[in-house]
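I opened the model and made a list of things to look up. My entries follow in the order I made them.

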Amino acid sequence: MPTPCDLLLSNAHVLTMDEYFTVHAPGSVAIAGGVILAVGNLGAEYEPAETMDCKGRLVMPGLVNAHTHAPMTLLRGLADDLRLDVWLLGYMMPVERAFVSPDFVALGTKLACAEMIRSGTTCFADMYYFEDAVAEATAAAGLRALCAQTVLKFPAPDAPSFEDSLAAAREFITRWKGHPLIVPAVAPHAPYTCTVEILRACAELASQLDVPLHTHLAETALEVEYSRREHGMPVIPWVMKQRLFDARVLAAHCVHVDEGEMRALKNACVGVAHNPTSNLKLGSGVAPVAKMLQLGVAVGIGTDGAASNNDLDMFEETRLAALLAKGVNGDPTALPAREALAMATRTGARAIHLGDITGSIEPGKRADLIVVDIDQTHNVPRFSRDPSAVYSQIVYATKSTDVVDVICDGKWLMRERKLLTVDEDALRAAARDMARRIDAFLIQRERSVLQKLIAIGGAAEEESFEVQVKARLGSVDPVLPALAGDEITVIRAVHYHQYDTYFFFDDPDQGRLRYREDEFLDEQNNVVSARARLTLTGPSREAAFGSVLLFRSRFFAPAAHSPRFYREYFKPSREREIEKDRRRWLVAFRGVQFYVHVDRLVNPHTGDLFLEVKSRTWSRRDAQDKAIIIAELLELLGARPDEAIAEGYVEL
Ligand SMILES: [Zn+2]
């Protein structure tokens, strides 16, 4: 009695990608109830409801994309050729805060699914916001996925606080657990975007609900440097100390890990997702993949999000992984084609903790497979002397467009290059529409330096008014005795070294942005502390009272990033650096508080001395009153008001 089955793929060149790299050529695959029933030289022992003659084409496991952010297809090409911090904090996160909703996520995921099916991917590991919408769209498209709900310390598009996102993750996991296509998970974004509390809570949640944990680890050298500085150790030991590896972890990147850390990853059964394009594009480096594999770490291949790749093509990614390993090791035998393809299939499935259900064509595993035409012009001729030649053909010459048919969980998703579960035309139109809206938002924002400042967070929109006057000093001789005299009361005195970088813009209405670093000095001129601030000064002077000016429009922000970050983000048309030695006194004079500065210019190195006197003010009337007192104070300090210079001491 022949065994009934749903589908028989016959007359195929079957690459099982099992542990022994078994190949059946010709061979057949029998599928029933979404499961692989048998593979090999099958004859009349199966009675299929449907038979497909593969005409000698290749049948292999569907590819496993071990790390992506599917909805980010909608941000593809939005901002490229930028450093990771400018790209992420300056563009991705602000746009995500403004646009990401369940609808956005559903649309982006459907678009990603269409692209993944076309390019032969049947399973992917995702991490994003509103993961419920990702899971729903993925299941509707018929793909398999590990869907991980993001948790991080900043307010996210789908949660105002980490407690909310953790609660959402728990709910999400409970809802999807046991689904035939979706494996839910939790995703603490990365050590540097999470607190210790978040890392521990996520690991606990994953262990308790018995689901994987998806995160980013050791992506950049900067991240490792930060970890060493803040925690006294690199990233991997640090997260281990927080018991992150109590969970079944999938770690994206692991670019900057040493051998000891690789062993720790192996011992903790951490799966690693290697994302060569993303790491190259963001200049992060190249993960030591060959070494990790040699030590027994399960390393899969991922595309990362489409905003940093910019596509989800696993054929391209696998080829790059194989080539890069050879290039960085100076060894053409590193990561042979067969091993690279294993990373994209069986090992990748193991890395994302789905190794027992997908990643190879073996009886009992789910029927996730693809049919590939390797007889296109760019891929002929074919040699049979070396059994490994077929792997070279796939990794080095096959293109994702050579994928003809796709089956996931036993169901057809693409037949003869026609997508069966998603409406590509409608998706393309909706994606273009979304791009128009995002474009309009960014065009508007880019016009205003203030808006850009607010978009990266932390900018307190604090407007202040002040009156000030500046004068050239011959020497400090008259100033110091005057300050010590009876008429002036010194409330506070500080001494510091001040480094200013001014950014100017073509449009003078944007004002100018100043990045200021103060190094506070003690009596012996040793640096005791430092701080950095950003100040956006409005373009206009409100009024002039003789040589005293009334300024307005200043917006302060703590400068959390380097001048390099701000330069790349704000793209000023011109900049100027000034360095000075500043002594500052807060004084009371005639019942009014003033700041008195004596500045010695260090760069440009003129050695010139300047006196600056200023005071906060609230109204034009108040400013006028203070202008009169300032003039008196200036005279007392030995600087003649008629010597006062209006535009400051350096032509900016
Ligand atoms: Zn990522």
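**Entry 1: Gln242 and its neighbours**

I began with Gln242, which is in contact (heavy atoms within 4.5 Å) with Val196, Leu199 and Arg200, leaving aside neighbours within four places in sequence. I note that this is a predicted model, where local features need pLDDT of at least 70, side-chain atom pairs count only at pLDDT 80 or more, and totals for chains, interfaces and linings use all residues. Residues are numbered from 1 along each chain as its sequence is written, and side-chain values use heavy atoms, with hydrogens and water left out.

I placed Gln242 in the loop between helix H7 (235–241) and strand E11 (248–253). Helices (H or I, at least four residues) and strands (E, at least two) are DSSP runs, numbered from the N terminus. Is Gln242 buried or exposed? Gln242 counts as buried, because its relative accessibility is 2%. Buried means under 20% relative accessible area, exposed over 50%, and partly exposed in between, with a 1.4 Å probe and protein chains only.

Most residues other than glycine have a negative phi, and most peptide bonds are trans. I looked for exceptions. Arg243 is not a glycine, yet its phi is positive, about 65°. Arg243 sits in the loop between H7 and E11 and counts as exposed, at 53% relative accessibility. Cys269 also has a positive phi, near 55°. Cys269 lies in the loop between helix H8 (259–267) and strand E12 (271–274), and is exposed at 55%.

I found a cis peptide bond from Ala25 to Pro26, with omega near 5°. Pro26 belongs to strand E2 (residues 23–32). Another cis bond joins Val380 and Pro381, with omega about 0°. Pro381 is in the loop between strand E14 (369–372) and helix H14 (389–397).

**Entry 2: The zinc ion**

Which residues coordinate the zinc ion? I read off His67 (NE2), His69 (NE2), His216 (NE2) and Asp304 (OD), at 2.1 to 2.4 Å. Donors are N, O and S atoms within 2.8 Å of the metal (3.2 Å for Na, K and Ca); water is not among the atoms, so sites may look incomplete. The donor residues are spaced H-x1-H-x146-H-x87-D in sequence. His216 lies in strand E10 (residues 212–217) and Asp304 in the loop between strand E13 (299–301) and helix H11 (314–329), so this pair ties together parts 88 residues apart in sequence. His216 is buried at 5%, and Asp304 is buried at 5%.

**Entry 3: The nonpolar cores**

A nonpolar core is a set of buried Ala, Val, Leu, Ile, Met, Phe, Trp, Tyr and Cys residues joined through side-chain atoms within 4.5 Å. The largest has 146 residues, and Trp87 and Phe104 touch the most other members. Beyond four places in sequence, Phe104 touches Pro71, Leu74, Leu75, Phe99, Tyr128, Met434 and Ile438.

**Entry 4: The whole protein**

I counted 19 helices and 27 strands. The C-alpha trace spans about 115 × 50 × 50 Å along its principal axes. Of the 652 residues, 56% count as buried.
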